[in-house]
Amino acid sequence: MFLAADLAVISLRALTFVALFMAVGTWIFVALWERDLAPEQAERIRNVARAAAVVALIVTVIHYVLSPARMAGSFGSTFDPSLEALLLQSSSGPASIARVVGLALLALSLDRATKLNTIGAGIGATLALASFAFGGHTSIHPLWFVLGPLLLVHVAAAAFWFGALWPLFAAAGEGPPQRAGLLLEQFTRLAIRIVPLVLLAGVGMSVVFVRSVSELATPYGAMLIAKTVGFGGCMALAGVNKGRFAPAVGAGNERATWAFRRIVAAEWALIVVILVTTAVMTSLYAPEHLEGAFGAGHSAEPTH
Amino acid sequence: MRYLFSAVLLAIVSTAAAHTPLTATVPAAKATVSAPVKEIVLEFGGDVRLTAVVLTDAQGANKKVAAAPATVAKKFALAVEEDLKPGAYTVNWRAVGADTHVVSGDFRFTVAAATPL
């Protein structure tokens, strides 16, 4: 029962996550290291970020339009005015608007590197990331003012990591090895400070959302553990690349470059799995103690 | 492999965990009732918007139930618009909380055959 609408809307949500993180993260990479890239490399990375932003924008809109279908479990309710109104008045309304505006701004600002475009893309990327904190479980939690900033740090650091993988994959396979080596060195220097924030902010949020060890035995807790294990796997892969293959890429070792690129691809795939898990987790499950009822301010008319 | 994948998806999607749980129903879950069932009552732990109620018999045929009202409430009573013959019935329901988080579930009851006087 209700399976088709669930699968469609949750799949769209997962695709939004992947495309949005790709768009924002790839833009962060090109904004940070444009000067260290060959002009055609920078152009290609910017185009990938823009394409991802456009995909995320389109999928966000389709997801929003189809959300009433999932709310009622039937595509026949897609244009139900009362469900559309409920959606718009809920935290999902402002969150979706912020996401659409942010992604549109990002896509429009990625045509070429100018100061104005950098500012526009920065605002767009911030809005797109902040949209995660505007809606969902964070927005209705009594400690939203703690969770909101933590979530923003969590998603920004994750986007930084995820979005850097494709540019690193591409950079390692083309151009002078010295340039790729320098880029990897600079990225690694920043990544070892930023990537742990994904875990730190995630643990901070988990402490607020999951208040007891027994709650880890719930579906929500189990998926949280799965995400943490996935993160650990990504860290292990990144550690192998940092310690073993990245220095050899700069020295022009072809076998090491081949291995480096395969590991980067594996990291990318693992993060996609984590993002899809997050989309499923936050769509289907909620923290045990989180009260999701409408507040007193909402018009609760008697039904009979 | 395909069947395994489908089964896992079905298991994940069909068990949406409750934000605002269903606390009581009439008829009660797993109950056997002898009186005619004229309405389905669902009571939640807090105010929700009930978005769907589907009543099916043991063969999976839908039975007519009044549409869920477009209001937010804790308790909903929906008229059953056709006579329920003796047999097992399943009520699939779906509701939405304040953050538009969807909660859903199902419960079963049995209508007993009337005993002759």
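This is a predicted model: local features need pLDDT of at least 70, side-chain atom pairs count only at pLDDT 80 or more; totals for chains, interfaces and linings use all residues.

Mentor: B:Pro27 sits in the loop between β1 (22–26) and β2 (32–33) of chain B. Residues are numbered from 1 along each chain as its sequence is written, and chains are lettered from A and ligands numbered from 1 in the order in which they are written.

The peptide bond from B:Val26 to B:Pro27 is cis, and its omega is near -10°. B:Lys30 lies in the loop between β1 and β2 of chain B too. Its phi is near 70°, a positive value in a residue other than glycine. Most residues other than glycine have a negative phi, and most peptide bonds are trans.

Is B:Lys30 buried or exposed? It counts as exposed, because it has 9 C-beta neighbours inside 10 Å. (Buried needs 20 or more other C-beta atoms within 10 Å of a residue's own, exposed 12 or fewer, partly exposed lies in between; C-beta atoms are placed from the backbone.)

Now the chain around the loop. Chain B has 1 helix and 7 strands. Of its 117 residues, 32% count as buried. Take the contacts in chain B between residues at least 6 apart in sequence: 60% of them join residues at least 24 apart. (A contact needs two C-beta atoms, placed from the backbone, within 7 Å.)

Next, chain A. It has 11 helices and 0 strands. Its pattern reads α-α-α-α-α-α-α-α-α-α-α. The C-alpha trace spans about 75 × 45 × 35 Å along its principal axes. Of the 304 residues of chain A, 46% count as buried. Of the contacts in chain A with a separation of 6 or more, 73% come from residues 24 or more positions apart.

The largest nonpolar core holds 114 residues. (Such a core is a set of buried Ala, Val, Leu, Ile, Met, Phe, Trp, Tyr and Cys residues joined through C-beta atoms within 7 Å.) Helix α1 (residues 3–33) of chain A gives the most to this core, 18 residues. A:Trp27 and A:Ala159 are among those with the most contacts inside the core. Setting aside residues up to four places away in sequence, A:Ala159 touches A:Phe21, A:Val24, A:Gly25, A:Ile28 and A:Leu129.

A:Leu110 belongs to a loop as well, between α4 (92–108) and α5 (115–134) of chain A. It counts as buried, because 28 C-beta neighbours lie inside 10 Å. A:Trp27 is 83 residues away from A:Leu110 in sequence, yet 8.0 Å away C-alpha to C-alpha. Beyond residues up to four places away in sequence, A:Leu110 touches A:Trp27, A:Arg46, A:Ala49, A:Arg50, A:Ala53 and A:Ala121.

Two helix pairs show the packing. Helix α2 (residues 39–72) and helix α3 (residues 81–89) of chain A meet at an angle of about 110°, axes 9 Å apart. (Axes are lines fitted to C-alpha atoms, for helices over the stretch in contact; angles run from 0 to 180 degrees between N-to-C directions.) So α2(A) is roughly perpendicular to α3(A). (Under 35 degrees is roughly parallel, over 145 roughly antiparallel, 65 to 115 roughly perpendicular, the rest oblique.) From α2(A) come A:Ser67, A:Pro68, A:Met71 and A:Ala72; from α3(A), A:Leu83, A:Glu84 and A:Leu87. That contact divides into 5 nonpolar, 1 polar and 1 charged. (Ala, Val, Leu, Ile, Met, Phe, Trp, Tyr, Cys and Pro are nonpolar; Asp, Glu, Lys and Arg charged; the others, Gly among them, polar.)

Helix α8 (residues 177–194) of chain A packs with α10(A) at about 145°, axes 6 Å apart. In α8(A), A:Pro177, A:Gln178, A:Ala180, A:Gly181, A:Leu184 and A:Thr188 meet A:Lys242, A:Ala246, A:Val249 and A:Gly250 in α10(A). By class that contact has 5 nonpolar, 4 polar and 1 charged residues.

A:Asn241 lies in helix α10 (residues 219–250) of chain A. It counts as buried, because it has 25 C-beta neighbours inside 10 Å. Leaving out residues up to four places away in sequence, A:Asn241 touches A:Ala246, A:Phe260, A:Ile263 and A:Val264. A:Ser77 is 164 residues from A:Asn241 along the chain, and their C-alpha atoms are separated by 49 Å.

Technical notes:
Helices (H or I, at least four residues) and strands (E, at least two) are DSSP runs, numbered from the N terminus.
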